[in-house]
Structures are given as structure tokens and as C-alpha cells.
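Subject: Structure handover and notes

Hello,

Here is the structure you asked about. My notes follow below it.

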Amino acid sequence: MSSRHGSNLLVVGSVAYDSVETPEGSRQDALGGSAMYFALSSSFFAPVGVVAVIGEDFRETDLAIFQAHHVDISGLIKAKGQTFRWSGLYSTEDGKERQTLATHLNVFASFSPCLTESQRQTPYVFLANIDPELQLDVLNQVEGPKLVACDTMNFWIEAKQEALWKVLEKVDVLVINDGEARELGQDINVVKVAKNILARGPKHLIIKRGEYGVLMFNQKQTFGAP
């Protein structure tokens with residue numbers, strides 16, 4: 001699969017179908033996944049390529065969405081089986097209370113990113129929310145990127161924290177929400193959390209706080225590093 005090549009921004013992550021319930025309504029099998037959201041939003045600012053896996057059930061109309069945004073989908077691999085599916089419940093109107101109802105990895109269970117020579121040379125890389133061991137695999141494949149950013153979630157913080165810290169030692173920017181930051185940084189005070197995370201990992205930390213915007217920290221600001 002392909003649309004535009006020569007991307008200078010690469011995202012590796014999930015493309016999925018999400019079923020979501022909220023106080024305002026529900027949606028079944030909506031196009032989702034961390035790589036999808038990043039690729040479409042980034043396409044407004046730079047040429048972007050996506051590396052992910054989809055199943056035989058992936059809709060042509062959804063492929064057309066990527067193509068309409070000129071996303072390079074040459075790294076979007078179709079495998080035998082069904083596309084990764086997730087369902088969840090957002091019980092409050094502000095969206096802060098999220099409960100996972102079901103996770104079906106399907107073709108994503110055997111996903112092993114294998115970058116092309118062109119993708120290895122991409123200067124800017126975003127490791128979207130996937131298994132930290134896969135993120136490490138991608139880091140071992142890219143060659144001298146100018147900047148690497150990553151995302152994660154509480155599932156990986158709890159299940160594979162050792163591998164996650166290995167990833168964070170190698171990236172420039174970590175983007176997580178405030179609950180995930182407190183769990184990873186093992187403190188309630190967000191400033192102490194930032195210090196704990198930056199001391200062991202990324203050069204920059206962006207903490208998402210919903211309708212309150214974001215908090216940004218960096219090693220120079222926090223530790224006075226040159």
C-alpha cells in the first residue's frame with residue numbers, strides 16, 4: 001500500500017477499530033489507534049509515513065482517509081486475520097475516567113515492525129503507544145534520527161516498566177497524561193514526578209492535562225544541564 005513517499009516524519013504504532021461508550025453516546029468500530037491519530041494530525045504540518053498492521057477486515061473507506069491526507073501508507077501491512085480492536089467506557093463528561101472493556105490484539109499480536117532503508121533514514125520518529133519492546137526494536141533500526149518522541153500508557157508502565165525505561169533512555173521527548181506521569185514518576189507532586197522521569201530518561205517531558213492544557217519540562221530547565 002502506498003500514497004506519498006519521501007516522508008521526513010515516521011510514526012510506528014497501532015491502527016485499530018475502537019468501540020466507545022460515553023455519557024453523550026456511543027460508537028462502534030470507529031477508526032482508531034495511536035498511529036492513526038498521530039499520522040492524520042501530523043499530515044497538516046509535514047509529510048508523514050505510518051508503520052502498522054491491519055487485518056483483512058480493514059475498510060477501504062478508512063484507507064481512503066489516509067490517502068486523502070497524503071499519508072505514506074507503504075508501511076501499513078495487511079495481515080491475515082482481524083484488525084486490532086479495543087472497547088472502552090468513558091463514565092464522566094470530561095473524559096478523565098476511562099475503563100477498558102475489551103482488548104483484542106488480533107493481527108497486532110504478531111506485529112514486528114521491519115523498516116525499509118528509506119524509513120530507517122527518517123529524521124523525525126514518533127514511537128506511538130505500543131509494547132516498549134517493539135519501540136526498542138524500532139530504535140535499533142533507525143539510523144541517526146534528529147529527534148525521537150514516544151508515547152506510552154499505564155498498561156506498559158505496569159507490565160513492562162524495565163523495557164520502557166530502556167526506551168526512555170534513548171528518546172528525546174516523552175508525551176504522557178498526568179495520571180501516567182504520576183505512576184511512572186512515583187509521586188503525586190508533578191514537579192517531583194518530572195524530576196524523577198527526566199533523571200532517568202528523556203530530555204523533554206510533556207504532561208497532558210486534558211482541558212487544562214499541558215505541562216512541559218526539560219533536563220536543562222530542571223537540572224540546569226548545559
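Is Asp-131 buried or exposed? At 13% relative accessibility, Asp-131 counts as buried. Buried here means under 20% relative accessible area, exposed means over 50%, and partly exposed is in between (1.4 Å probe, protein chains only).

Two notes before the rest. This is a predicted model, in which local features need pLDDT of at least 70 and side-chain atom pairs count only at pLDDT 80 or more, while totals for chains, interfaces and linings use all residues. Residues are numbered from 1 along each chain as its sequence is written, and side-chain values use heavy atoms, with hydrogens and water left out.

**Asp-131 and helix H4**

A salt bridge is a side-chain nitrogen of Lys or Arg within 4 Å of a carboxyl oxygen of Asp or Glu. Lys-160 is in the loop between H5 and H6, and Asp-131 is in the loop between E8 and H4, so the pair ties together parts 29 residues apart in sequence. Lys-160 is partly exposed, at 24% relative accessibility.

Helices (H or I, at least four residues) and strands (E, at least two) are DSSP runs, numbered from the N terminus. H4 spans residues 132-141 and is largely enclosed by the rest of the structure, because seven of its 10 residues are buried. Among them are Leu-134, Leu-136, Val-138 and Leu-139. The cover over the buried residues includes strands E1 (9-12), E8 (124-127) and E9 (147-151), along with helices H3 (117-120), H5 (154-159) and H6 (161-168).

**Asp-151**

Asp-151 sits in strand E9. It is buried yet has no salt bridge. The nearest side chain of opposite charge is Lys-208, 4.5 Å away. For charge, Lys and Arg count as positive and Asp and Glu as negative; His and the chain ends are not counted. Beyond its neighbours within four places in sequence, Asp-151 is in contact (heavy atoms within 4.5 Å) with residues including Phe-126, Gln-135 and Val-175.

**Other salt bridges**

The structure holds seven salt bridges. One joins Asp-62 to Arg-59, with the closest N and O atoms 2.8 Å apart. Asp-62 is buried at 6% relative accessible area, whereas Arg-59 is partly exposed at 32%. Another joins Arg-182 to Asp-178, at 3.9 Å. Both of these residues lie in helix H7, four residues apart, about one turn of the helix.

**Aromatics**

How many aromatic pairs does the whole structure hold? The search finds five. Rings of Phe, Tyr and Trp (its six-membered ring) pair if their centres lie within 6.5 Å; planes under 30 degrees apart count as stacked, over 60 as edge-to-face and the rest as tilted. Tyr-17 and Phe-58 are stacked, 5.4 Å centre to centre with 20° between the planes. The pair links distant parts of the chain, 41 residues apart: Tyr-17 is in strand E2 and Phe-58 in the loop between E4 and H2. Tyr-17 is buried at 1%, and Phe-58 is buried at 3%. Phe-108 and Phe-111 are also stacked, at 5.4 Å and 25°. Both are buried. Together with Phe-84 they form one aromatic cluster.

**Backbone points**

Asp-29 has a positive phi of about 50° although it is not a glycine. Asp-29 lies in strand E3 and is partly exposed at 29%. Gln-186 also has a positive phi, near 55°. Gln-186 is in the loop between H7 and H8 and is exposed, with a relative accessible area of 63%.

Best wishes
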